[in-house]
Amino acid sequence: VQEADITFIDSLIQLLKKSNDSLLRSRILTALGRATERVKAQKVLALSLDPALRTNEVLNPLSDLLEEKENWETVWKFLITNFDALRTRISPTDAGGLPVLASVFCSEEKAVEVNEFFEVRVGKLAGGNRNLTRALDSIRVCAAKVKAHRGDPIGFLDGFPTSLEVR
């Protein structure tokens, strides 16, 4: 999927739509979720709004695409743009888990953005507050780890001897 052209993506989507085999559908969605080019990723995301996807499959394109860092912003923009449409296509429990999709991010700025988007929406979602807290904790812990490890590498190395004595 990453190396194929868009016609291959289209072929997989058509196969998915024609199939009643749950295992095949799952594998096609997983494969489609490995697309990393923006145009391909957007085509895969559009499946989430397609009635051809079953209720339990609606979030697969989003979660599968989030496995590839190149897709994080594309998926995030899709989620905030299509939040209401997605929410109506999934179960109340799954809707409450939508904030967890943002757990992939790793900066304090993104934590603020995620909080601003979801804080006015999660109160109406089953488990939404808890899942938003969980997502924000994950983002902030990652950001703190990055900050802690972004030290001065030369200063770190200054603590080591400049030559090794061979015995």
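Student: Is the link of Cys-106 and Cys-142 left-handed or right-handed?

Tutor: The Cys-106 and Cys-142 link is left-handed, with -90 degrees about the S-S bond. Keep in mind that this is a predicted model: local features need pLDDT of at least 70, side-chain atom pairs count only at pLDDT 80 or more, and totals for chains, interfaces and linings use all residues. Residues are numbered from 1 along each chain as its sequence is written, and side-chain values use heavy atoms, leaving out hydrogens and water.

Student: How many disulfides does a search of the whole structure find?

Tutor: The search finds one disulfide, meaning a pair of cysteine sulfur atoms within 2.5 Å. It joins Cys-106 to Cys-142, S to S 1.8 Å.

Student: Which parts does the pair tie together?

Tutor: Cys-106 sits in the loop between helix H7 (92-96) and H8, and Cys-142 sits in helix H9, so the pair ties together parts 36 residues apart in sequence. Helices here are DSSP runs (H or I, at least four residues), numbered from the N terminus.

Student: New topic. At what angle do H8 and H9 pack?

Tutor: About 170 degrees, with the axes 9 Å apart. H8 covers residues 108-118 and H9 covers 128-149. Therefore H8 is roughly antiparallel to H9, a label for angles over 145 degrees. Axes are lines fitted to C-alpha atoms over the stretch in contact, and angles run from 0 to 180 degrees between N-to-C directions.

Student: Which residues in H8 meet H9?

Tutor: Glu-108, Ala-111, Val-114, Asn-115 and Phe-118. In H9 they meet Leu-132, Leu-136, Ile-139, Arg-140 and Ala-143. Contact means heavy atoms within 4.5 Å.

Conventions: Helices (H or I, at least four residues) and strands (E, at least two) are DSSP runs, numbered from the N terminus. Angles under 35 degrees count as roughly parallel, over 145 as roughly antiparallel, 65 to 115 as roughly perpendicular and the rest as oblique.
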